[in-house]
Amino acid sequence: MTTPEWAPEHEATPELASALIGRRFPELRGAPVERLATGWDNTVFLVGGDWVFRFPRRQMAIGGVEREIAVLPVLAPRLPLPVPVPRFVGGPSGDFPWPFWGARRIPGRELADVRPPDRDRVVLAAETGAFLRALHDPALAREAGKGLPVDPMGRADPAGRASRTHGRLDAIAARGLWERDPAVGEFLAAAEGWTAPGGEPVLVHGDLHVRHLLLTPGGRAAGVIDWGDVCLGAPAVDLSLAYAGFEGAAREAFLAEYGPVPGEQETAARTLALNLSATLAEYAASTGREALLAETLAGIGRALS
């Protein structure tokens, strides 16, 4: 069997995390440690009910961990929604080969887990649009973006993203989870001839999808997490959420707060919305995450609406 892309190279257990945290940070020694979430790149633990620690799972995530530690304290006071701010930073050791960090917990649930109906996403979409307008301010990129790479994953490149999406869609179609849509195939075929949007890059989250937007119990935006792909890039890199996560009145509310989106940014964002939705759907199906699967399959439909 082929090893899944999200398989860990080195995964911290709650016991190891407790030992490492207690050894480095005496004020947290003895605090209960429980696994909170896992993703492709990090395992996340809740410590003492108040602190969230991120431990990398793969070597390729280390650069992102280092960027989070450097950039998030600068971004946090300039954004209208909470983001994690590293308070505890641990270096590599004989027990764990990579850096890790902890921040005060941002209470909330992933959009993908809550799955509010589209009619209840209008206020959430407006809050998300306002957040991205602040994040994408060119002045913020000049202030906080020094040393960041420019779209290292090529997420604003519609041709590259389209070519990666066919196999993802094939995988979920083969499982009987998605019925092939000619409109999606036609869009991706056209996207393979498009170039990335031009213009000065802005500071982008880099991986803004339905797992990384947290919601309050009332369905409002609670915060934005998982900044391991923070970089400079075209706004389309983050605007993909406008097309995968919202449609109809909710998307209109998003765009009313964010501002006009040029055509080349929109098509790149829609292409990435298809790519991320299909990728996350395959991941969700393979790991038994039913809510995430349902949300990302819906995202494929929203992307071209």
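This is a predicted model: local features need pLDDT of at least 70, side-chain atom pairs count only at pLDDT 80 or more; totals for chains, interfaces and linings use all residues.
Residues are numbered from 1 along each chain as its sequence is written, and side-chain values use heavy atoms, with hydrogens and water left out.

Now widen the selection to strand β3, residues 51-56, which pairs with β5 in the antiparallel sense over 4 bridges. Strands (E, at least two residues) and helices (H or I, at least four) are DSSP runs numbered from the N terminus, and two strands pair if DSSP finds at least two bridges between them.

Next, pick strand β4 (residues 86-90), also antiparallel to β5 over 4 bridges. Here F88 has G102 in β5 as its bridge partner.

Then colour β5 itself, residues 100-104: 4 of its 5 residues are buried, so the strand is largely enclosed by the rest of the structure. Buried means under 20% relative accessible area, exposed over 50%, and partly exposed in between (1.4 Å probe, protein chains only).

Hop over to the open sheet of 3 strands, ordered β6-β8-β9 with antiparallel pairing. Its edge strands, β6 (109-110) and β9 (221-224), each pair on one side only. Zoom in on R109 and you'll find L215 of β8 opposite.

Last stop: S277 in helix α10, residues 263-287. At 5% relative accessibility, S277 counts as buried. Leaving aside neighbours within four places in sequence, S277 is in contact (heavy atoms within 4.5 Å) with A244, T296, G299 and I300.
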